[in-house]
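Subject: Structure handover

Hello,

Here is the structure I said I would pass on.

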Amino acid sequence: MKKIAVLGSNGQLGNCIRKIAPDFENSYEFIFTDSQTLDITDEDQVSSFFYDNKPDYCINASAYTAVDLAEKEIDKAFAVNADGVGYLAQACADHKSILIHISTDYVFDGDTNLPYSEDDFTSPTGIYGESKRKGEELALEINPRTIVLRTSWLYSEFNKNFVKTMLNLFSQKEELGIVADQFGQPTNANDLAEAIMDIIQNPNKNFGVFHFSNYPETTWFEFAKKIAEFSNSSIHLNPLTTEQYPTPAKRPARSTMSLDKIEEVYKIEPKHWENSLEESVRILTQQ
């Protein structure tokens, strides 16, 4: 039975993989770790983990994701998002494991009106994006059997995310301002978890960079409006410009990614973001 190591299993994606793991228990053995049980920034720990467990697949769902705090915690961001990924890639190469590494739309600067393809030039606008780009580079350079999955605007019923934050604020406030001039693609982490398992089960592996998200593009404002609609909230939402809502780290203005490659190569058809969001809000409002 093949083994799948899931690193960062207490995060959104890790929890979503954990949720569907029983569906695959006849075919795969899952090994779930978090930062307490495996520190990927410790090269010796990573080496020992692979020597002891010898996973066939390593899903790296661990990451430093504090986008604004990364502007101050530069070393920490690079340790987790770059150096640690390099250690994982080396261990995967040593044990002939396939690395599935999760990356982000923040590797792009967002200065375009066209969807980004996997081959487009990356130009991060902040430390978080820079550290994630470096992680991509190390993973692909060190382990040829690597699949980098860039995703965006991740949410789920787990942990902290935009959807859960909005639902909480809707219950506390009568009106709220939301940025309306940043474009991207919301992604239900449950859909990403299913896509990863589809890739693992596909006998014809194609390595390199792929994009996965829900579609089509939208803005944070329109995203929030749908969350309000699906939760039957009476909140009044006001559109804001990026200038009206300054943050320490600059966000991409339009980080929309093309999904053509993953559809063509792995026959994975992403869902419309509104459909996935409606299901997620239903689960969250029933909890």
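This is a predicted model: local features need pLDDT of at least 70, side-chain atom pairs count only at pLDDT 80 or more; totals for chains, interfaces and linings use all residues.

I began with helix 5 (residues 162-170) and helix 7 (residues 220-230). Their axes are 10 Å apart, and the two helices pack at an angle of about 60°. On the helix 5 side the contact is formed by Phe162, Val163, Met166, Leu167 and Phe170, and on the helix 7 side by Trp220, Phe223, Ala224, Ile227 and Ala228. Sorted by class, this contact has 10 nonpolar residues, with no polar and no charged ones.

Helix 7 also packs against helix 9 (residues 273-286), at an angle of about 45° and with the axes 10 Å apart. These two helices are therefore oblique to each other as well, and their crossing is right-handed. From helix 7, the residues in contact are Glu222, Phe223, Lys226, Ile227 and Phe230; they meet Trp273, Glu274, Leu277, Glu278 and Val281 of helix 9. By class, there are six nonpolar and four charged residues in this contact, and no polar ones.

The remaining pair is helix 5 with helix 9. Here the axes come within 11 Å and cross at roughly 55°, which makes helix 5 oblique to helix 9. This crossing, too, is right-handed. Val163, Lys164 and Leu167 of helix 5 meet Leu277, Val281 and Leu284 of helix 9. The residues divide into five nonpolar, one charged and no polar.

Helix 6 (189-201) and helix 9 each supply at least two lining residues. The pocket holds about 160 Å³ of space. Its lining consists of Lys19, Asn188, Asn190, Asp191, Glu194, Lys271, Asn275, Ser276, Glu279, Ser280 and Ile283. By class that is five polar, five charged and one nonpolar.

Backbone geometry

Two places in the backbone deserve a look. Most residues other than glycine have a negative phi, and most peptide bonds are trans.

The peptide bond from tyrosine 215 to proline 216 is cis, with omega near -10°. Proline 216 sits in the loop that runs between strand 10 (208-211) and strand 11 (218-219).

The other place is lysine 96, a residue other than glycine with a positive phi, near 55°. Lysine 96 belongs to the loop between helix 3 (74-94) and strand 4 (98-104).

Regards

Conventions:
Residues are numbered from 1 along each chain as its sequence is written. Side-chain values use heavy atoms; hydrogens and water are left out. Axes are lines fitted to C-alpha atoms, for helices over the stretch in contact, and angles run from 0 to 180 degrees between N-to-C directions. Helices (H or I, at least four residues) and strands (E, at least two) are DSSP runs, numbered from the N terminus. Angles under 35 degrees count as roughly parallel, over 145 as roughly antiparallel, 65 to 115 as roughly perpendicular and the rest as oblique. A crossing is left-handed if the near helix is turned anticlockwise from the far one by less than a right angle, and right-handed if clockwise. Contact means heavy atoms within 4.5 Å. Ala, Val, Leu, Ile, Met, Phe, Trp, Tyr, Cys and Pro count as nonpolar, Asp, Glu, Lys and Arg as charged, and the others, Gly among them, as polar. On a 1 Å grid over the protein atoms alone, a cavity is a set of points where a 1.4 Å probe fits but cannot get out, and a pocket is an open set with protein on both sides within 12 Å along at least five of seven lines; lining residues have an atom within 4 Å of a point. Grid points are joined across faces, edges and corners, and a volume is the space filled by probe spheres set on the points.
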